[in-house]
Amino acid sequence: MDRQRSFSFKSTRSLVFSFTISSLFFLVFFTIWVSKSTPSILQETNFELNKTSLVASLKPLSVQPFSDLTINSSSSDLKSSIFVDTHFREPENISGFASISVIKRKGNESETSEKDRDGVNGSFSTVQERALVPETASVEEKKSRSISTQRIEVQSSENIAEETRGAASQEKNEAPNKEGIRKKKKGPISVANIKTSRNERNKEKSMRECDATRGRWVYDENYPLYTNSSCPFIDEGFDCVGNGRLDKDYMKWRWQPQDCNISRFNATKMLDLIRGKRLVFVGDSINRNQWESMLCMLMGAVKDPKKVYETHGRRITKEKGNYSFKFVDYKCTVEYYVSHFLVHESKARIGSRRVQTLRIDAIDHGSSRWRGADILIFNTAHWWSHFKTKAGINYYQEGNQVHPQLDVSVAFRRALMTWASWVDRHINPRKTRVFFRSSAPSHFRGGQWNSGGQCMGATQPLNETSSTGYSEKNSIVEETIKHMKTPVTFLNITGFSGFRTDGHPSVYGKRPGKRYASSIQDCSHWCLPGVPDTWNEFMYFHLLSKIGSKQGDTFQ
């Protein structure tokens with residue numbers, strides 16, 4: 001009986017032991033099954049190409065396994081991070097290296113924003129890999145493997161911040177195209193390119209800030225830019241060589257600014273700048289002087305002179321006031337329209353007499369021809385010193401009123417305001433570049449043009465000018481321009497032209513058989529080639545400066 005009990009007791013213990021062991025095995029397998037069915041916790045790793053964040057020890061991705069990439073990150077950071085996607089981007093740098101940056105996202109954060117996905121240099125097609133760690137591994141194995149798999153070297157939080165700032169500045173420089181996608185600059189950026197770009201910006205800044213009116217005249221054997229024989233457009237009044245002037249040194253002086261250099265006029269580049277455009281001069285005969293100079297300077301780049309012609313078949317003379325020369329190969333025109341005062345020359349009845357007046361409140365009636373120009377060069381000053389204009393008796397008119405007497409400075413200011421109002425109403429500054437040339441000095445000695453004044457015999461520039469101060473007319477022009485809505489460049493040629501008493505025609509303004517008496521000399525206009533060429537080089541300088549400041553290919 002005792003034996004039977006003992007056997008029964010042993011059998012019961014065996015059953016309990018077996019049940020316990022079975023339960024343990026069931027719990028183990030159930031735990032493993034639960035761990036397999038639970039989603040793996042991953043961390044999102046973005047592999048982005050950015051050569052600025054390359055580590056010196058980094059090898060090309062094509063030969064470097066993931067096990068060789070390290071990330072300096074604490075385990076606590078990893079525990080709170082979710083592994084989601086890995087983005088691989090095409091290498092941009094020519095060396096084939098790819099820089100890789102890590103962007104962590106906390107578990108409670110939403111999906112990565114579009115900006116983060118695009119990265120620093122724009123978005124490429126991505127390859128998404130969700131199985132960085134085998135699913136059969138345990139959670140602990142996944143955590144340990146995830147640390148070894150991402151051996152991407154992030155040196156410090158400061159480096160990441162610096163890279164982010166660099167990315168932001170690069171995004172600002174990338175303009176979106178029509179589809180709103182940011183275009184990336186092609187090609188590597190070298191230190192040499194950066195230095196060159198910086199030097200060019202400094203040069204452009206110095207050009208814009210340089211006061212080119214301060215300097216000296218330098219004798220230059222490389223001048224003039226053209227000859228009388230190479231240019232068929234020089235009016236008789238400016239053709240001093242053709243009229244018998246023997247000395248030639250007046251053609252060889254070049255203006256050298258004190259603080260910068262003026263680019264030598266490049267006719268080909270200038271024609272490219274005005275390709276398909278209208279270059280228009282408006283003003284008195286001094287502006288015609290400058291316009292003829294420009295025609296001659298541009299002819300240096302023309303291969304076939306027959307492809308440059310006056311659109312109305314006119315020959316340049318002092319009598320005809322309006323000209324338009326077409327440069328066929330460049331589809332551009334270089335035009336001149338006479339306007340002594342820029343305002344309307346009229347007539348009015350005073351008592352029983354009909355007299356000439358100047359409507360200082362109305363723009364010149366030829367102004368419709370000026371509209372639509374791409375470059376406009378205005379001037380007026382020469383005729384405001386005429387004895388009739390200066391006297392101002394029954395000459396200046398506003399509306400129906402003819403002023404019995406009005407000071408010439410007051411009249412000049414009101415006329416300039418009329419011109420400024422017209423420019424602001426009718427000129428589109430996004431299309432048209434506007435210049436206003438300052439007054440050109442005269443060099444009469446011993447009287448005026450009609451009272452025995454002369455400049456004959458001058459063959460060298462003056463060492464100093466005889467001017468006692470800044471021209472009042474120039475001050476009025478500058479003040480008027482400051483109050484305009486339309487940007488106007490004041491082309492100040494008065495000071496340096498004041499040295500050039502040798503540049504006037506004097507008695508060589510007519511052919512030998514037609515010359516005036518020696519008591520009548522032209523000391524207001526200029527021989528060509530000569531001083532007006534420098535005026536055009538000044539304008540060319542300003543056009544190039546404008547292009548440099550906008551980093552474009554045109555003056556707009």
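Predicted model: local features only at pLDDT ≥ 70, side-chain atom pairs only at ≥ 80, totals over all residues.
Residues are numbered from 1 along each chain as its sequence is written, and side-chain values use heavy atoms, leaving out hydrogens and water.

Stop 1: Select 343–350, which is strand S10, and 401–402, which is S14. Helices (H or I, at least four residues) and strands (E, at least two) are DSSP runs, numbered from the N terminus. The open sheet has 4 strands, ordered S10-S11-S13-S14, and its pairing is mixed. S10 and S14 are at the edges with a single partner strand each, so one side of each has no neighbour in the sheet. Two strands pair if DSSP finds at least two bridges between them.

Look for Glu398, opposite Gln401 in S14.

**Stop 2: two cis bonds.** Go to Tyr223 and Pro224, whose peptide bond is cis, with omega near 5°. Pro224 is in the loop between S4 (215–219) and S5 (253–257). Then try Leu528 to Pro529, also cis, with omega near -5°.

Stop 3: Which is Leu342, buried or exposed? Leu342 is buried, at 1% relative accessible area (buried means under 20%, exposed over 50%, partly exposed in between, with a 1.4 Å probe and protein chains only). Its phi is positive, about 70°, though Leu342 is not a glycine. Finish at Lys331, with phi near 50°; at 62% relative accessibility, Lys331 counts as exposed.
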